[in-house]
Amino acid sequence: MSTSVATTEPERRAWRMLGDVADPEIPVISVVDLGIVRELHARPDGGIEVGLSPTYSGCPATVVIRERVVQALEQGGFAPVIVREVLSPPWSSDWISTAGRERLARYGIAPPAQAVSSVRALHHAPAPVRCPRCGSARTSEVSAFGSTPCKALHRCEDCREPFEYFKCI
Amino acid sequence: MSEALRIDYVLQLADSSLILGQRLGEWVGHAPALEEDLGLANTALDLIGQARLLLTYAGELEGRGRDEDQLAFLREEAEFRNVTLVEQPNRDFGHTIVRQVLFDAYQLELFERLQSSSDGRLAAVAAKAVKDTRYHLRYSGSWLVRLGDGTGESHARVQDALERLWPFTRELFEEQPADLEICARGIGPGLAELRQAWSARLDALLTEATLTRPADAPYRWFGRRGVHSEHLGYILAEMQYLQRAHPGARW
């Protein structure tokens, strides 16, 4: 999902290029599918302006993502590439595209189940997380935090496999 | 009306996140279980992420060319504006959890209100950070309930930690002339109202955890004005060592 619609050919080209830039920690999903590319504006001088939203405040991948985005656009012939950090509105896991969610599930990471901005999340009553392997809703949280800031660790009570869950924020 | 007030306020927010992030980092490799190691480390990462955004902003407001790193690594103890609560030592896991609950609940109420700050930049940072903070409180709060309503030993330890840390919470809501002006300008919330919201949230958790809320006590620290407990100096000695020993060192 993006906040602006590409209207010019260079902008459409840039969106396609970024569609091939993988997230460094979950390489199966692109930065566009992740929803962190907020805007792209081609400049008359052949350059391009990119608005990127950080996912989690403490995500160490933010710097790497920025470097990869700049590199991809420069290789695509854009100069200069100007990156702007977009804090508002804050990134939400709701912005992960449908294609991105499917790719996450196929990769073995359960996609976010609901929006965390709901009051519900405050009262320890999360929507059921489905096991990405067998599809069962009988799963439990093993750890609220996982191997990266964006993931938690869950376990399936039916197929007994542990799996990672993309946190809702 | 002076911009110094705004800079000071941004530094208060930034330093509390930074120092608690540094404190929690001490648990890495030492927590009672891998899950808790990850939980505390991830919380620390978020807090340091908040501090980076806020310190960068403070540096821009100040206009003296200081960036986030210079502000974090080259200021002296008395220039830090963090609340004294966050510099208190980790002690045992229960003590760390109590400190975390007290602070998470405070930060959550604070960030929820800062989302509508007249300062657009602070509002944006708060809107981002409030989501992390909600998750932090879910973690620390669930542990507080487990430990408080757990065994006799775990209950006694967290109740003791609560008594020990309670005096430091006074400072979070002690209204100074500067706070009144911050509130009047719509930059930050009024502290009396903030205290009420914090209290309500905390009381619900304490009840569930079968813990007793300690009586309010006099206190003598005031980290937000740069008057710190003896612990901050030691944290800075470790945190700032590299930049002091090798000025300008970079990755």
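This note goes through the predicted model point by point, from the domains of chain A to the helices of chain B.

1. Basis of the model. Because the model is predicted, local features require pLDDT of at least 70 and side-chain atom pairs count only at pLDDT 80 or more, whereas totals for chains, interfaces and linings use all residues. Residues are numbered from 1 along each chain as its sequence is written, while chains are lettered from A and ligands numbered from 1 in the order in which they are written.

2. Domains of chain A. The domain assignment divides chain A into domain 1 (9-85) and domain 2 (97-166); such bounds come from an automatic or database domain assignment. The C-alpha centres of domain 1 and domain 2 of chain A are 27 Å apart. Their contact involves 11 residues from domain 1 of chain A and 10 residues from domain 2 of chain A, two residues being in contact if their C-beta atoms, placed from the backbone, lie within 7 Å. On the side of domain 1 of chain A that touches domain 2 of chain A there are six nonpolar, three polar and two charged residues. In this classification Ala, Val, Leu, Ile, Met, Phe, Trp, Tyr, Cys and Pro count as nonpolar, Asp, Glu, Lys and Arg as charged, and the others, Gly among them, as polar.

3. The three-stranded sheet. Chain A has an open sheet of three strands in the order β1-β2-β3, with mixed pairing. Strands (E, at least two residues) and helices (H or I, at least four residues) are DSSP runs, numbered from the N terminus, and two strands pair if DSSP finds at least two bridges between them. The edges are formed by β1 (37-42) and β3 (81-85) of chain A, each of which pairs on one side only. Neighbouring strands of this sheet are turned against each other by 15° on average, direction ignored. Strand β2 (residues 48-52) of chain A is parallel to β3(A), with five bridges between them; within this pairing, A:Ile48 is opposite A:Val81.

4. Helices on that sheet. Helix α1 (residues 9-18) of chain A packs on the sheet and touches β1 and β2 of chain A, its direction making about 145° with that of β1(A). Helix α2 (residues 62-75) of chain A lies across β2 and β3 of chain A and runs at about 150° to β3(A). Axes are lines fitted to C-alpha atoms, for helices over the stretch in contact, and angles run from 0 to 180 degrees between N-to-C directions.

5. The four-stranded sheet. A further open sheet of chain A has four strands in the order β4-β7-β6-β5, again with mixed pairing. Its edge strands are β4 (109-110) and β5 (139-143) of chain A, each pairing on one side only. β5(A) and β6(A) run antiparallel and are joined by four bridges. Strand β6 (residues 151-156) and strand β7 (residues 162-166) of chain A are also antiparallel, joined by five bridges. A:Leu153 of β6(A) stands opposite A:Ser143 and also opposite A:Glu164 in β7(A). A:Arg155 has A:Pro162 in β7(A) as its bridge partner.

6. Backbone points to inspect. The hairpin of β6(A) and β7(A) has five residues between the strands, and A:Arg160 there takes a positive phi near 65°, although A:Arg160 is not a glycine. Two cis peptide bonds also deserve attention. One runs from A:Ala79 to A:Pro80, with omega near -5°, and A:Pro80 is in the loop between α2 and β3 of chain A. The other joins A:Ser88 and A:Pro89, with omega about -5°; A:Pro89 is in the loop between β3 and α3 (98-107) of chain A.

7. Chain B. Chain B has 10 helices and zero strands. Its radius of gyration, taken over C-alpha atoms, is 18 Å, close to the 18 Å that the globule rule (2.2 Å times the number of residues to the power 0.38) gives for 251 residues, so chain B is as compact as a globular protein of that length. The C-alpha atoms of chain B fill a box of roughly 55 × 45 × 35 Å along the principal axes.

8. A helix pair in chain B. Helix α1 (residues 3-25) and helix α8 (residues 177-184) of chain B pack at about 100°, with axes 11 Å apart. α1(B) and α8(B) are therefore roughly perpendicular, the term for angles of 65 to 115 degrees. B:Leu5, B:Asp8 and B:Tyr9 of α1(B) meet B:Ala178, B:Glu181 and B:Ile182 of α8(B). By class, this contact has four nonpolar, no polar and two charged residues.

9. Contact between the chains. In the interface, 17 residues of chain A are in contact with 20 residues of chain B. The side of chain A that touches chain B comprises 12 nonpolar, five polar and no charged residues.

Definitions and conventions: Parallel < 35°, antiparallel > 145°, perpendicular 65-115°, else oblique.
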